Amino acid sequence: AIASVMENPLDPEAEFRLLVCLGTLICNDKSTRELAKSLELQNLIIPMQTRVEPKKVSECAGFVINRLQ
């Protein structure tokens with residue numbers, strides 16, 4: 001569901017909340033993290049790292065990318 005939502009343009013607050021959700025899901029669950037990797041979610045998140053405003057979106061995207069590596 002996260003992948004399909006990320007494929008569509010979102011407002012910055014929705015992007016942030018989605019990233020927080022994903023980060024929470026993959027933080028302590030290896031199987032969820034592996035599923036996110038297999039779905040190549042990092043390809044949808046990488047562009048979010050370049051967001052200038054709000055800064056929290058790019059910071060959270062960076063955290064999620066680090067967890068997926």
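Tutor: Arg51 and Glu15 join their side chains in a salt bridge, at 2.6 Å from N to O. A salt bridge here is a side-chain nitrogen of Lys or Arg within 4 Å of a carboxyl oxygen of Asp or Glu.

Student: Where do Arg51 and Glu15 sit in the chain?

Tutor: Arg51 is in the loop between H4 and H5, and Glu15 is in helix H2. They are 36 residues apart, so the pair links distant parts of the chain. Helices (H or I, at least four residues) and strands (E, at least two) are DSSP runs, numbered from the N terminus.

Student: Is Glu15 buried or exposed?

Tutor: Glu15 is buried, because its relative accessible area is 5%. Arg51 is partly exposed at 30%. Buried means under 20% relative accessible area, exposed over 50%, and partly exposed in between (1.4 Å probe, protein chains only).

Student: Hold on, what kind of model is this, and how are things counted?

Tutor: It is a predicted model: local features need pLDDT of at least 70, side-chain atom pairs count only at pLDDT 80 or more, and totals for chains, interfaces and linings use all residues. Residues are numbered from 1 along each chain as its sequence is written, and side-chain values use heavy atoms, with hydrogens and water left out.

Student: Back to the pairs. How many salt bridges does the structure hold?

Tutor: Four. Another one of them joins Glu13 and Arg17, at 3.1 Å from N to O. Both residues lie in helix H2 (residues 12-27). They are four residues apart, about one turn of the helix.

Student: Which residue in helix H5 pairs with Glu13?

Tutor: Lys56 forms a salt bridge with Glu13, and their closest N and O atoms are 2.9 Å apart. That pair links distant parts of the chain, with Lys56 in helix H5 and Glu13 in helix H2, 43 residues apart.

Student: How exposed are Glu13, Arg17 and Lys56?

Tutor: Glu13 is partly exposed, with 32% relative accessibility. Lys56 is partly exposed too, at 32%. Arg17 counts as exposed because its value is 57%.

Student: Why do such side chains pair at all?

Tutor: Opposite charges can pair when the charged atoms come close.

Student: New topic. What else is in helix H5?

Tutor: Glu59 is there. Glu59 is exposed, with a relative accessible area of 51%.

Student: Now the whole chain. How many helices and strands are there?

Tutor: Five helices and zero strands. The radius of gyration is 11 Å, close to the 11 Å the globule rule gives for 69 residues, so the chain is as compact as a globular protein of that length. That radius is taken over C-alpha atoms, and the rule is 2.2 Å times the number of residues to the power 0.38.

Student: How much of the chain is buried?

Tutor: Buried residues make up 30% of the 69 residues.

Student: What does UniProt place at residues 3-61?

Tutor: The unreviewed UniProt entry places the feature "domain: PUL" there. UniProt positions are given in the numbering used here, feature names are shortened, and annotations may be inferred rather than shown by experiment. Over residues 3-61 the chain is 68% helix and 0% strand.
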